[in-house]
Amino acid sequence: MVAATIGMLSSSSLPSGARFLNNHSSISYIYRSSFRSNFHSHSSFRLNRSTNSIDRINKNCVNPICTVSASTEMASPFKAEDARIPPAIPLPTPPISKFKIALCQLYVTSDKDRNIAHARETIEEAARKGAQLILLPEIWNSPYSNDSFPVYAEEIDANKSPSTAMLSEVSQRLKITIIGGSIPERSGDRLYNTCCVFGTDGKLKTKHRKIHLFDIDIPGQMTFKESKTLTAGETPTIVDTDVGRIGIGICYDIRFQELATIYAARGAHLICYPGAFNMTTGPLHWELLQRARAADCQLYVATCSPARDSNSSYVAWGHSTLVGPFGEVIATTEHDEAIVISEIDYSLIEQRRTFLPFQRQRRGDLYQLVDVQRLNSTRTS
């Protein structure tokens, strides 16, 4: 995915057969083509990190060395802002540049009280280790099943939620930001898969209801339909916190690139996806999707899963992971219970966007992504 993203930078000058070679001091492409008369069959390009330029380095070229500025000649002549409607919001200056995040991969049981107490202990341990942002898994207070969702659901808005009451108390006491994974939420006669975000003052800053419900049918392997019991959310969720602007998705939401692109266009520094990918969909797709979203949007992506319980009717894949803005895996774990603590450095976002300025090279004359919610709000304001 890093290769694909880098390829977008040079699409106007490199042929479609360009091949990614390395990700160290330089990034090189080798290709075989006669796409231009002044090149022989073997040529290469290198993205020079120090000069932010594309260098043609093959000695067989008629002009052995030429440099093309990534910010001038490589830029599209079309208005990139037309590719996003409304135009993208500039990346805001975060309240903090560096901080530690903790991904708490929890073992979940059928005992809700135990799950809540265990989550509290794990959050406290992560905070002692210096984490300022805590991410919990999807459905951490309940077994993951359609039979369990109605039984374990809590009324968050009516203050009848022991799970979120715990998150509020501990976030205020420890002065940390908590992305509270997700729990089954009851609202009237509907159930939702809901993530609550608490600030350092213990107040509920926002909640995200899972937009894309996990309805799949893979013959001979797995059938699961969240829509049997859950209602889909209607709103993309982005929130400003003491550790930056964060977009929220839940598990299956990660498969939809448009949602991540909207969050990037709204100035997110980080997208958090509490998830419970399973043994069928997880092994091939979980990490690839994380890396794709991070590299495509050039921001951080954090995911957090329940720990694996092989005796459960729904077996989670695990592998909670933090990915950086180049699509690189910064920290991860296997399937057992674990606390993954790693540093986020937001300065790398601007660095990556300088190296690969494809955010400014989108072809608004060929394609558009419309943020319907933002567009409607600007029309009514």
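# A chat about salt bridges, helices and threonines

Q: Hi! Which residue forms a salt bridge with E287?
A: E287 forms a salt bridge with R291, and their closest N and O atoms are 3.4 Å apart. A salt bridge here is a side-chain nitrogen of Lys or Arg within 4 Å of a carboxyl oxygen of Asp or Glu.

Q: Before we go on, what kind of model is this?
A: This is a predicted model, where local features need pLDDT of at least 70 and side-chain atom pairs count only at pLDDT 80 or more, while totals for chains, interfaces and linings use all residues. Residues are numbered from 1 along each chain as its sequence is written, and side-chain values use heavy atoms, with hydrogens and water left out.

Q: Thanks! Back to that pair: how far apart are E287 and R291 in helix α6?
A: They are 4 residues apart in α6 (residues 282-297), so about one helical turn separates E287 and R291. An α-helix has 3.6 residues a turn, so residues three or four places apart point the same way. Helices (H or I, at least four residues) and strands (E, at least two) are DSSP runs, numbered from the N terminus.

Q: Which residues are linked in a network of salt bridges?
A: R120, E124, E169 and R173 are.

Q: New topic! At what angle do α5 and α6 cross?
A: The axes of α5 (residues 257-265) and α6 cross at roughly 40° and come within 10 Å. Axes are lines fitted to C-alpha atoms, for helices over the stretch in contact, and angles run from 0 to 180 degrees between N-to-C directions.

Q: Which residues make the contact?
A: On α5 they are Q257, A260, T261 and A264, and on α6 they are R293, D296 and C297. Contact means heavy atoms within 4.5 Å.

Q: What about α7: which residues are buried there?
A: In α7 (residues 347-355), the buried residues are I349, R352, R353 and F355. Seen down the axis of α7, they fall within an arc of 155°, so they line one face of the helix. The arc is that of the directions from the helix axis to the C-beta atoms.

Q: Now threonines. Where is T332?
A: T332 is in strand β20 (residues 329-332). The side chains of T332 and T321 are joined by a polar contact of 2.7 Å, and the T332 side chain also reaches the backbone oxygen of S320 at 3.2 Å. A polar contact is a pair of N or O atoms within 3.5 Å; within protein, one must be able to donate a hydrogen and the other to accept it, and residues adjacent in sequence count only if both atoms are side-chain atoms.

Q: And is T237 buried or exposed?
A: T237 is buried, with a relative accessible area of 6%. Its side chain makes a polar contact with the side chain of H208 at 2.8 Å.

Technical notes:
Buried < 20%, exposed > 50% of the residue type's maximum accessible area, 1.4 Å probe, protein only.
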